[in-house]
Amino acid sequence: MTSVTLAPLVAAASACYRDGGRFGWHFARGKLAGDPVFAAILARGLLTGCLRVLDLGCGQGLLAAWLLAARVTHAGGVGAGWPVEWPAPPSLDGYTGVEINPREAARARAAGAHLALAHFRIVQGDVRDVEYVAADAIVILDVLHYLDRACQETVLAKARAALTPGGHLLLRVGDAAGGVGFTFSQLVDTTVALARHRRLIHLNCRPLRGWLELLARTGFNARVVDENRGAAFSNVLLMAQAA
Ligand SMILES: C[S@@+](CC[C@H](N)C(=O)[O-])C[C@H]1O[C@@H](n2cnc3c(N)ncnc32)[C@H](O)[C@@H]1O
C-alpha cells in the first residue's frame, strides 16, 4: 500500500495479548502486520468519526486493540510512529465484539482488560442469535461465509437495523468469481476451520456481484473499497450505508 512502517503500531496493538500466552500474542503480531485490511482501515480513514463499533465474528478482538493502539500512537505523533500521511484514527468510545468460539472470546476479553476504553464488551455467542447493540460502524471481516445463505441475509438485515443514522458497514467477503485466488482462500479457510473445529465445514461464498445484490436486498448501498486480490487471495473489502 505505502512505504509506511507498521512496526510501532503492531507492537502497541499486540502488547495487550502478551499476558494471555504466546499463541494470542504471536497471532496478533502476525495478523496485524500481514493482513492489509488493518492498515487500510487507518490509512484510508474507513472508520473515521465512528465512536461505537460492533465487530461481528471478532475473533480475539484484534480490531479493538488496533484502533486503541492507533489512538495512542497518533497522540504521540510522528515520533511515536504515526504515519504522517494518515488521517486521525477514530476516537473510539465503545467496542462490542461478538464471537462464537469461547477460546477466542476469552482472549478478546483478556486483551480488553488492558485497553483504555470506556465501553468494551465481548459477547460470546452466535451472530445469528445475539441482539446487536446500536453502532456507528459494524465490521464483519471474513465471517459471513461461515453462515448459510439465509443466515447471511438475516445477519445483514440485523446489522442494517442496528446502524445509527449515517453509520456504515465495513465488510470483507470472498469473491467466488475470484478464480485461483478464490480457490486458494477457500483452501486456507477450510484448513484453519479444520484445525480449529476438527471437522470440515462448508463455506458459503458468492461472487462479488451476488454480495452486492444481497447488500442491496438488505437495505444497503455498497461500494468496493479495496480488492485485495494480491497473488493468492480473492478477498474484497466493501463499505455500505443504509440506502
Ligand atoms: C476468519 S476469523 C476473522 C476474525 C476477525 N473478524 C478478524 O478479522 O480478525 C472468523 C471468525 O468468525 C467467527 N465466527 C464464525 N461463525 C460465527 C458465528 N456464527 N457467530 C459468531 N462468530 C462466528 C469465528 O469463530 C472466527 O473467530
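Trainee: Is Gly97 buried or exposed?

Mentor: In this predicted model, local features need pLDDT of at least 70, side-chain atom pairs count only at pLDDT 80 or more, and totals for chains, interfaces and linings use all residues. Residues are numbered from 1 along each chain as its sequence is written, and side-chain values use heavy atoms, with hydrogens and water left out. Buried means under 20% relative accessible area, exposed over 50%, and partly exposed in between, with a 1.4 Å probe and protein chains only. Because its relative accessible area is 0%, Gly97 is buried.

Trainee: In which strand is Gly97 found, and which residues does Gly97 touch beyond four places in sequence?

Mentor: Strands (E, at least two residues) and helices (H or I, at least four) are DSSP runs numbered from the N terminus, and Gly97 belongs to strand E2, residues 94-99. Contact means heavy atoms within 4.5 Å. Not counting residues up to four places away in sequence, Gly97 touches Asp55, Cys58, Arg121, Ile122 and Val123.

Trainee: How far apart in space are Gly97 and Leu63, C-alpha to C-alpha?

Mentor: Along the sequence, 34 residues separate Gly97 and Leu63. In space, their C-alpha atoms are apart by 9.2 Å.

Trainee: Where is Gln60 placed, and between which elements?

Mentor: Gln60 has a relative accessible area of 2%, so this residue is buried. Its place is in the loop between strand E1 (52-56) and helix H4 (62-76).

Trainee: Which side chain does a polar contact join to that of Gln60?

Mentor: A polar contact is a pair of N or O atoms within 3.5 Å; within protein, one must be able to donate a hydrogen and the other to accept it, and residues adjacent in sequence count only if both atoms are side-chain atoms. Gln60 touches several residues beyond four places in sequence, among them Tyr17, Phe27, Glu104 and Arg107. The side-chain polar contact, of 2.7 Å, joins Gln60 to Arg107.

Trainee: Which residues come nearest to the ligand?

Mentor: A residue is near a molecule or strand if one of its heavy atoms lies within 4 Å of it. There are 17 residues around the ligand, and those that come nearest are Gly57, Glu99, Asp126, Val127 and Leu141.

Trainee: How much of the ligand's accessible area does the protein cover?

Mentor: A nitrogen atom of the ligand is 2.8 Å from a polar backbone atom of Gly57; for Ile100, the corresponding distance from a ligand nitrogen to a polar backbone atom is 3.3 Å. A backbone N or O atom of Leu141 lies 3.1 Å from a nitrogen atom of the ligand. On its own the ligand has 600 Å² of accessible area, by the Shrake-Rupley method with a 1.4 Å probe, and the protein covers 90%.

Trainee: How many residues of the shell around the ligand are charged?

Mentor: Ala, Val, Leu, Ile, Met, Phe, Trp, Tyr, Cys and Pro count as nonpolar, Asp, Glu, Lys and Arg as charged, and the others, Gly among them, as polar. By this division the shell has seven nonpolar residues and four polar ones, and its charged residues number six.

Trainee: How many residues does the contact take from domain 2?

Mentor: The centres of domain 1 and domain 2, taken over C-alpha atoms, are separated by 20 Å. The contact takes 22 residues from domain 1, and from domain 2 the number is 18.

Trainee: What is the phi of Asp142?

Mentor: Asp142 is found in the loop between strand E4 (135-141) and helix H6 (149-162). With a relative accessible area of 21%, Asp142 is partly exposed. Most residues other than glycine have a negative phi. Asp142 is not a glycine, yet its phi is positive, at about 60 degrees.

Trainee: How far apart in space are Met239 and His168?

Mentor: Met239 is found in strand E7 (residues 235-242) and is buried, because its relative accessible area is 10%. The residues that Met239 touches beyond four places in sequence include Leu46, His168 and Val225. Met239 and His168 are 71 residues apart in sequence, and their C-alpha separation in space is 6.9 Å.

Key:
Domain bounds come from an automatic or database domain assignment.
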